[in-house]
Amino acid sequence: MTAEIIIDKFGQGDAVIIYDQGMVIDVLIDPPINACFYPPNTFVKAKVLRKLTNRGGYFISLPSGEEGFLKSKNQYEQGKVVNVLSKVYFDSEKAQTFTDQLKLISKYFVLQLGKEGISFSKKTPKSVDKEKAIHFINFILKGHSNIFVVCRSAICQLDLKGIEKNLKLILQKKDEMLNSLNKENEFYDGFARCIAAKRFDWSLYLVKEERGIFERLGIWDLLEKLTRNKVFFGEGSYLILEQTCSFYTIDVNSGKVLNITADQLNSKACDEIYYLIRILGIGGKILIDFLPCSKSTKRNIFNKMIKLFEKDEARNMIWGWTKGGSFELVRERDKTPLNIILRNN
């Protein structure tokens, strides 16, 4: 089956789903028209309202008319206008969080505004001549100040012309962002289409873009099933997924499956859990209650989860087994959770 990227008009932008070999690889959906939150990686010009010393930040007034929370160690006077960047919105009971550490991200570079320098991802291959690249990048940066360039590991795919082309593109976006903030108080760099373009090489996919295609192909129904708190996998086994106030829980259940061992079910559950965490946009602290198993199986599960999450684009930390027998990990929130999008629609 041909790998596909399917795009439908939705809300403030688009809904994008990526298929490969008949399996959903990723889902990215922009907020509904009247949503009370911004997509992640939206730059906005905000006004400081009041300081919350015990929470390490400030309540801010946003161009949308909503209030947000700016997490910052910097000192701001009441009424100060600050350029901020939206974080992922995930809790309808709280104000959306923002940061004053501004950065732009592409496949090859991360631009951090407000400081200067050049660094490389820890995963950058040794084949990259860093000294030569630094000299060349410094030459391109002439005329640009207060910019720190992080070279991502994918830079190994570029020659010097490629470095020049892609660095100039993100520098141009930086200028567009600053101009947009000055004129319109907002700049969107986290729309679904934009993120999909950064994560996937569209030349390798059959792209289908049509208004109403999600409804016609039954994609909305598929996504609704994925966001239920009971998700079946294998031959009748299932997961129970629930968001509490402080962490996310996943419970592994065998159901009526009798022809497979608990160890085999736990192994299958690892694959399904990793898949759902990515697709649904689950982040923060995550606790998993696997079926009872031996110490050797627990080691196998730990090693398998580490191997699975090495492929995850979001930063994560696999803590492993707690004394109470649960499995714990922490994952960066990399997109607005799917259930938040569907609930607000």
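Modeller: In this predicted model, strand S3 contributes the most to the lining of the largest cavity, namely three residues. S3 (23-29), helix H3 (192-199) and helix H8 (338-344) each provide at least two lining residues (DSSP runs, helices H or I of at least four residues and strands E of at least two). The whole structure holds one cavity of 30 Å³ or more (1 Å grid points where a 1.4 Å probe fits but cannot get out, lined by residues with an atom within 4 Å), and the space in the largest cavity is about 140 Å³ (filled by probe spheres on the points). Among its 16 lining residues, Leu28, Ile29, Asp30, Lys335 and Thr336 come closest to the centre; by class, twelve are nonpolar, two polar and two charged (Asp, Glu, Lys and Arg being charged).

In the loop between S3 and strand S4 (42-52) lies Phe37, while Tyr89 lies in the loop between S7 and S8, so their pair ties together parts 52 residues apart in sequence. Tyr38 and Tyr188 form a tilted pair, with 6.3 Å between centres and 40 degrees between planes; Tyr38, at 4%, is buried, whereas Tyr188, at 30%, is partly exposed.

Residues are numbered from 1 along each chain. Local features need pLDDT of at least 70, side-chain atom pairs 80 or more, while linings use all residues, and side-chain values use heavy atoms.

Conventions. On a 1 Å grid over the protein atoms alone, a cavity is a set of points where a 1.4 Å probe fits but cannot get out, and a pocket is an open set with protein on both sides within 12 Å along at least five of seven lines; lining residues have an atom within 4 Å of a point. Rings of Phe, Tyr and Trp (its six-membered ring) pair if their centres lie within 6.5 Å; planes under 30 degrees apart count as stacked, over 60 as edge-to-face and the rest as tilted. Buried means under 20% relative accessible area, exposed over 50%, partly exposed in between (1.4 Å probe, protein chains only).
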